[in-house]
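Here are a few exercises to work through with the model open beside you. Try each task before you read its solution.

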Amino acid sequence: MTDQELITGILNREKPAIQYLISTFHRQVIKTAYHFVQNMDDAEDLAQDVCIEILESAKQFRGTASLSTWIYRVTVNKSLNFIRKNKRKQLVRQFETFFSNSKQPGTDQNPEPVTENNSLHHEENRCILEKAVNLLPDNQRIAFVLNKYDELSYKEVADIMNTSVASVESLLSRAKQNLQKKLISHFSEYANRK
Amino acid sequence: MNDCKTLRENLFAYRENEISPSMKVELDRHVASCSTCASLVQQFDNVLDSVKAHTDVEPRPFAETRLLQRIENYLENSRKPLFGFPVRTSVQPVAISVVLMLAMAIGILIGTGKAGKQINLTTATDREIRRDLNIPETTDTDFLQFNE
């Protein structure tokens with residue numbers, strides 16, 4: 001089914017077209033939303049919002065970009081709006097993360113060695129990175145998440161962000177510099193606490 | 001010390017092989033001889049490994065079925081007729097407001113029609129008020145019974 005056929009089917013509210021849309025794109029939408037909001041329940045709720053938005057705005061799809069790119073754009077916008085609206089919820093999560101992070105190194109008298117199989121450290125590392133990524137400016141964060149987590153090429157990221165490949169390269173470079181600074185500062189604090 | 005600074009400034013690029021081969025050789029040599037930088041690189045690599053965990057994330061089982069069900073429910077609700085007439089979801093609040101306003105207007109019209117007989121409570125006698133409001137005359141006996 002081509003993008004245009006799918007859009008026509010969606011506009012006519014044809015069940016097979018809607019089923020095809022969901023079966024083809026649900027994985028992409030849920031994964032991308034999850035990479036931004038880092039919660040599977042919220043990601044599934046966002047996927048519903050994204051699908052409804054696609055059904056409601058299908059007539060605005062002009063076909064200048066691929067349907068997949070358009071769906072990525074809707075997902076990223078919905079996810080960022082969700083994050084802005086749920087700042088308080090995020091603060092509580094960060095608060096919990098902060099305490100779980102500060103408790104482990106400080107209170108543990110015999111810290112476990114860092115190994116790849118150690119899921120506790122793996123989860124801790126995931127939290128450290130998550131926290132650092134959340135502190136990035138929106139455009140750097142979008143570029144980083146789409147490129148690193150969604151494994152999209154610079155060109156694909158540029159299409160989704162409606163910008164040039166050079167801009168994406170620059171955003172990613174700045175995102176990496178910022179993350180590097182934040183992570184090194186975190187490691188230094190960790191070493192000082194030890 | 002200078003190599004430590006270079007490593008800190010290019011850590012991400014170094015670990016992702018985005019630096020020149022000569023710089024990589026230099027930094028590899030430095031990391032092999034500096035325990036602080038070796039530890040930093042180890043910690044950094046562990047954090048970067050968690051990116052892999054992010055990329056491997058998969059939707060939960062039956063996520064597609066749940067999503068399809070929710071979308072079908074949404075489509076059904078948006079098509080549900082209001083008072084027997086098919087009304088678009090966006091128009092529904094307006095339609096409900098109009099119906100409520102009409103009901104209020106009818107209520108006011110009926111109310112003012114009934115209350116057309118204005119009673120001047122300051123000058124009307126008790127008998128006149130009772131007559132206007134269709135209240136039967138009370139007797140002293142009624143009053144006494146009430147008091148009992």
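**Exercise 1. Read chain B along its sequence and work out what pattern its elements follow.**

Solution. Keep in mind that this is a predicted model.
- Step 1: going along the sequence, chain B reads α-α-α-α-α-α-α-α.
- Step 2: tally that up and you have eight helices and zero strands.
- Step 3: now check the burial, where 9% of the 148 residues of chain B count as buried.
- Step 4: finish with the contacts in chain B that have a separation of 6 or more; residues 24 or more positions apart account for 29% of them.

**Exercise 2. Find the buried residues of helix H1 (residues 3-11) of chain A, and explain why they sit on one side of H1(A).**

Solution. 
- Step 1: pick out the buried ones, namely A:Leu6, A:Ile7 and A:Ile10.
- Step 2: these residues cover an arc of only 100° around the axis, so they end up on the same side of H1(A).
- Step 3: the helix geometry is handy here: with 3.6 residues a turn, residues three or four places apart in an α-helix point the same way.
- Step 4: ask what covers the buried residues of H1(A); the cover includes helix H2 (15-37), helix H3 (40-57) and helix H4 (67-85) of chain A.
- Step 5: step past the end of H1(A) to A:Arg13, which has a positive phi, near 55°.

**Exercise 3. Describe the side of chain B that touches chain A: which elements give two or more residues to it?**

Solution. 
- Step 1: start with the head count, which is 26 residues of chain B in contact with 33 residues of chain A.
- Step 2: the elements of chain B that give two or more residues to this side are helix H2 (11-15), helix H4 (35-55) and helix H5 (63-79).
- Step 3: H4(B) supplies the largest share, eleven residues.
- Step 4: sort the residues on this side of chain B by type, and you get 15 nonpolar, five polar and six charged.

Terms used. Residues numbered from 1 in each chain as written. Chains lettered and ligands numbered in written order. Predicted model: local features only at pLDDT ≥ 70, side-chain atom pairs only at ≥ 80, totals over all residues. Contact = placed C-beta atoms within 7 Å. Helix = DSSP H or I, 4+ residues; strand = E, 2+ residues; numbered from the N terminus. Nonpolar A, V, L, I, M, F, W, Y, C, P; charged D, E, K, R; others polar. Buried ≥ 20, exposed ≤ 12 C-beta atoms within 10 Å, placed from the backbone. Arc of directions from axis to C-beta.
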